[in-house]
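Hi,

Here is the structure I said I would pass on.

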Amino acid sequence: MDGAGLSDREQRALSAIEAELKGDRGLDRMMRSGRRRRRAAWAGVWAAVTTALFVAASVTVSEALLWSCSAAWVLTVVTALPPAVEWAHHRRRRVRPRAEA
């Protein structure tokens with residue numbers, strides 16, 4: 001592209017595509033689930049780090065490793081809690097649907 005920008009016709013087509021994408025619930029759900037998966041993956045990484053630090057602190061009886069394990073545990077909980085709560089809410093809605101009035 002030569003830097004001149006979009007023509008009016010191209011701008012209208014782009015606006016129509018954007019409007020259609022904003023209304024696509026499936027796409028929106030897929031994009032949000034990607035964030036949840038990344039957060040869950042990070043929670044798994046932090047859980048592995050916490051476990052390794054706990055084992056190392058237990059074997060060596062090192063105060064620095066124990067404090068590091070504590071800090072990693074806090075990060076694990078902070079990272080894992082939001083997806084866990086969301087999963088529980090989703091599961092509760094799926095298992096026990098709301099009564100229709």
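On confidence: this is a predicted model, and the protein chain has an average pLDDT of 82, with 81% of the residues scoring at least 70. Helix H3 comes out highest, at a mean of 86, while helix H2 (residues 25-60) is lowest, at 82.

The protein chain exposes about 8,700 Å², and carbon and sulfur atoms supply 62% of that. If you take the contacts between residues at least 6 apart in sequence, 50% of them join residues at least 24 apart.

Now to helix H3, which covers residues 63-95. Tryptophan 73 sits in this helix. Is tryptophan 73 buried or exposed? It's exposed, because its relative accessible area is 51% and the cut-off for exposed is over 50%. Trp73 also belongs to a nonpolar surface patch of about 550 Å², together with Val74, Val77, Val78, Leu81 and Val85.

Alanine 84 is in helix H3 too. With a relative accessibility of 39%, alanine 84 counts as partly exposed. Which residue lies 44 residues away from alanine 84 along the chain, with 8.7 Å between the C-alpha atoms? That's alanine 40.

Cheers

Terms used
Residues numbered from 1 in each chain as written. Predicted model: local features only at pLDDT ≥ 70, side-chain atom pairs only at ≥ 80, totals over all residues. Heavy atoms only, no water. Patch = residues over 30% accessible without salt bridge, like charges linked within 9 Å, V, L, I, M, F, W, Y side chains within 5 Å. Areas by Shrake-Rupley, 256 points an atom, 1.4 Å probe, with all protein chains shown as cover. Salt bridge = Lys/Arg side-chain N within 4 Å of Asp/Glu carboxyl O. Helix = DSSP H or I, 4+ residues; strand = E, 2+ residues; numbered from the N terminus. Buried < 20%, exposed > 50% of the residue type's maximum accessible area, 1.4 Å probe, protein only. pLDDT = per-residue confidence, 0-100. Contact = heavy atoms within 4.5 Å.
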